[in-house]
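Subject: Structure for you to look at

Dear colleague,

I am handing over the structure we talked about, and below it I have written out what was found. Please keep the view open while you read, so that you can follow each part in turn.

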Amino acid sequence: MRVGIVGLGYVGLPLAVAFCEEGHEAVGVDTDARVVEALTHGRSHVEDVPADSLRAVSDRFQVSTRYADLAKVDAVVVAVPTPLTRNREPDLGPLAAAGTALAGVLQQGQLVVLESTTFPGTTRERFVPLLEESGLAAGKDFFAAFSPERTDPGRTDFTLRNTPKIVGGLNEESLRRAVELYELVCDEVLPVSTPEAAELSKLLENVFRSVNIALVNELAILCDRMGIDVWEVVEAAATKPYGFMSFKPGPGMGGHCLPVDPFYLAWRAREFDTQTEFIELAGEVNQRMPYFCVEKIARALNDHAKPVRGSRVAIVGVSYKPGVGDLRESPALKIIRLLREQGAEVSYHDDYVPELPEHRLRSEWPEDADCTVIVTAHPDLDVERIVRESSLVVDFRGVTRGIEAPNLMRL
Ligand SMILES: NC(=O)c1ccc[n+]([C@@H]2O[C@H](COP(=O)([O-])OP(=O)(O)OC[C@H]3O[C@@H](n4cnc5c(N)ncnc54)[C@H](O)[C@@H]3O)[C@@H](O)[C@H]2O)c1
């Protein structure tokens, strides 16, 4: 099988490598020349794909900036970004660009699968019409499907191979071909009746997390007022063997998915005269968390008779989650901006992010800070050392639980 992958990021690159590891050939296309250049030289920009894995499949994996190289593949998987505009509305720009470029090279009999997370109706109403500009008819001359990506970067227990893969085809033949494609790299492929069902299933998964995180974040703010330890409450509730699922509070949601995807659904719902109030409220609560965190840092400094202005604040962990260097929508960046606006001198430490050029900062171990703030706790973080060496610590991840110290404050 020859598989084309459009968009070689967190989703596309591991998928391309997975096909190659099973002995198939992959042609990866990315419009970012730097990405293609790096991959050509065996350098990976995605943590889940180490350089060794790239090297091992280099004879079967071709990377390019040209869509023309997709003309000879059997199937094309599209995994381009689906971000928001400045007004927090879906930005289908990259997806439309990919569709238009693909139409120029689409061949009779090819299968095209969209994996980018998006609102229900995108594949059928937005993407397929662009492909049909080729003059080929969908479902007859070429085949189309949607299959949501469920990757969790940095995770090793659930991978592409052992996570069930949902597929919705434009028609029966499209579905059959898409199932066949994913069976090459996934143990379990779950067909659903339409691309819309597949599109919405992905959004449900993300909205479910967003709503539950917002709920526990709201509880954290209440606990802060009431002087109750929210971590203890969540841990206690989680001992119920049924009917409860544990979510942890934190400084806000980051990454490409959770802060973005619910807005795709809310926007689409408005076209159907429906307000998705839960979803929007969850987004609001989660977006408020970095502001709450800065308030809490200011309070901690105040307790030590220090104003925010002129204080040295060290942020520990700036990526949006542990174990990866992904900065997208990271609440740490917002906390840094807000602290600087209030006149704090901010530094940061993150083994996964050596520098933050837009903030003109380089990672350094927190020394002599007036306040050290744990925003993201990477697996190897020496929490005890931080508490021991810092004059004041604020922990937004609950990783200092079990440590008793007078200079310690937790969410
Ligand atoms: N990262 C995740 O954990 C994750 C999980 C599930 C779903 N998704 C979804 O998958 C999609 C891709 O996400 P990602 O994290 O891989 O993004 P990414 O930004 O890491 O990678 C996307 C790549 O697409 C390239 N690109 C942009 N426009 C292009 C075009 N017109 N043609 C070819 N290449 C183009 C970019 O240069 C980039 O390298 C998004 O819709 C996202 O919501 C991501």
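Of the 27 residues around the ligand in this model, the ones that come nearest are Val-11, Asp-30, Tyr-67, Thr-82 and His-256; please bear in mind as you read on that the model is a predicted one. Sorted by class, this shell is made up of 14 nonpolar residues, eight polar ones and five charged ones. Which element gives the largest share of the shell? That share, three residues, comes from α4.

Val-11, already named among the nearest residues, has a polar backbone atom 2.8 Å from an oxygen atom of the ligand, and a backbone N or O atom of Thr-117 lies 3.0 Å from a ligand oxygen atom. At Thr-31 the ligand atom is instead a nitrogen, which is 3.4 Å from a polar backbone atom of that residue. How much of the ligand's accessible area does the protein cover? On its own the ligand has 830 Å² of accessible area, and the protein covers 89% of it.

Next come the sheets. As a reminder, strands of a sheet pair through backbone hydrogen bonds, and they may do so in a parallel or an antiparallel way.

Another open sheet has five strands in the order β10-β9-β13-β14-β15, and here the pairing is parallel. The edge strands are β10 (345-349) and β15 (408-410), each pairing on one side only, while neighbouring strands are turned by 20° on average, direction again ignored. Strand β9 (residues 312-316) pairs with β10 in the parallel sense over five bridges, and the bridge partner of Arg-312 in β10 is Glu-345. Helix α11 (residues 331-341) packs on this sheet, where it touches β9 and β10, and its direction makes about 175° with that of β9.

With best wishes

How values were computed:
Residues are numbered from 1 along each chain as its sequence is written. This is a predicted model: local features need pLDDT of at least 70, side-chain atom pairs count only at pLDDT 80 or more; totals for chains, interfaces and linings use all residues. Side-chain values use heavy atoms; hydrogens and water are left out. A residue is near a molecule or strand if one of its heavy atoms lies within 4 Å of it. A polar contact is a pair of N or O atoms within 3.5 Å; within protein, one must be able to donate a hydrogen and the other to accept it, and residues adjacent in sequence count only if both atoms are side-chain atoms. Accessible areas come from the Shrake-Rupley method with a 1.4 Å probe; for residues, only the protein chains shown count as cover. Helices (H or I, at least four residues) and strands (E, at least two) are DSSP runs, numbered from the N terminus. Ala, Val, Leu, Ile, Met, Phe, Trp, Tyr, Cys and Pro count as nonpolar, Asp, Glu, Lys and Arg as charged, and the others, Gly among them, as polar. Two strands pair if DSSP finds at least two bridges between them. Axes are lines fitted to C-alpha atoms, for helices over the stretch in contact, and angles run from 0 to 180 degrees between N-to-C directions. Contact means heavy atoms within 4.5 Å.
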